[in-house]
Amino acid sequence: MKRLIVICEGQTEQEFCVKLLAPYLANKNIYIQNPLIKRSGGGIVSWLILKQEIQKYLRSDSSAFVTTFIDLYGITNTHQFPRWEESKGMQQVKNRVVDIENAMYGEINNHRFIPNIVVHEFETILFSDLSAIVDQIDERDLKLNELNQILLQYEDIELINDRPLNAPSKRLENCITGYDKIVYGNILAESIGLEKIRTKCAKFNEWVSKLEYIT
């Protein structure tokens with residue numbers, strides 16, 4: 001069985017790995033470990049610290065693969081990710097993320113490292129199936145019309161984020177009374193299911209596709 005270490009930005013990502021990603025990859029003979037980023041307690045750290053952690057995991061097991069499960073939303077200039085400044089000129093955010101990921105891969109320089117930055121953040125995937133939100137949330141706590149309007153604005157849900165106050169998590173907080181990222185995030189993700197998420201989130205699907213064919 002192959003070993004895959006998924007370095008998670010927070011508890012929500014960890015739970016997603018446990019509930020959805022691990023069972024799926026186990027059927028492909030891939031075993032997942034999903035540690036939080038060290039020295040953060042949840043949240044992003046500088047590229048230097050993350051880089052050292054990635055390299056440590058790669059050195060500790062010469063057969064293990066390592067990937068990241070972090071949000072673009074939380075990264076800033078101060079974190080000094082490679083190609084961060086240079087990629088700012090790219091109009092398409094997905095191209096920018098791929099550019100940064102390629103630079104991360106270049107600095108690690110190991111085929112067992114699979115860089116992954118979620119566009120824009122984990123909550124993006126929760127927009128994959130509105131019916132799942134309706135099924136799981138009491139209608140009295142849900143602004144359904146506002147959620148529908150968000151989906152009408154974006155043909156590609158991975159692009160939901162035109163400014164910080166309208167990030168996917170902020171939109172869910174506004175539309176769901178008492179929204180809690182960790183609790184609701186994975187309840188909704190489980191309800192939607194990995195297959196549906198992959199059909200709606202092309203960038204996310206590319207990452208999972210790379211994971212299921214590690215050799």
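This is a predicted model: local features need pLDDT of at least 70, side-chain atom pairs count only at pLDDT 80 or more; totals for chains, interfaces and linings use all residues.
## Terms and model

Helices and strands are here DSSP runs, numbered from the N terminus, with at least four residues (H or I) required for a helix and at least two (E) for a strand.

## Residues with positive phi

Most residues other than glycine have a negative phi. N109, which is not a glycine, has a positive phi of about 55°, and this residue lies in the loop between α3 and β4 (113-114). Its relative accessible area is 65%, and because exposed means over 50%, N109 counts as exposed.

R83 is another residue other than glycine with a positive value, its phi being near 65°; R83 is placed in the loop that runs between β3 (65-71) and α3 (93-108). With a relative accessibility of 34%, R83 is classed as partly exposed, since that class covers values between the cut-offs of 20% and 50%.

## The loop between β5 and α4

Most peptide bonds are trans. The bond joining V119 and H120, however, is cis, with an omega of about -15°, and H120 belongs to the loop between β5 (117-118) and α4 (130-136).

T124 is also found in the loop between β5 and α4. T124 has a relative accessible area of 1%, and it is therefore buried, the cut-off being under 20%. When neighbours within four places in sequence are left aside, T124 is in contact with V119, I157, E158 and P168; among these, V119 is a partner in the cis peptide bond with H120.

Terms used:
Residues are numbered from 1 along each chain as its sequence is written. Side-chain values use heavy atoms; hydrogens and water are left out. Buried means under 20% relative accessible area, exposed over 50%, partly exposed in between (1.4 Å probe, protein chains only). Contact means heavy atoms within 4.5 Å.
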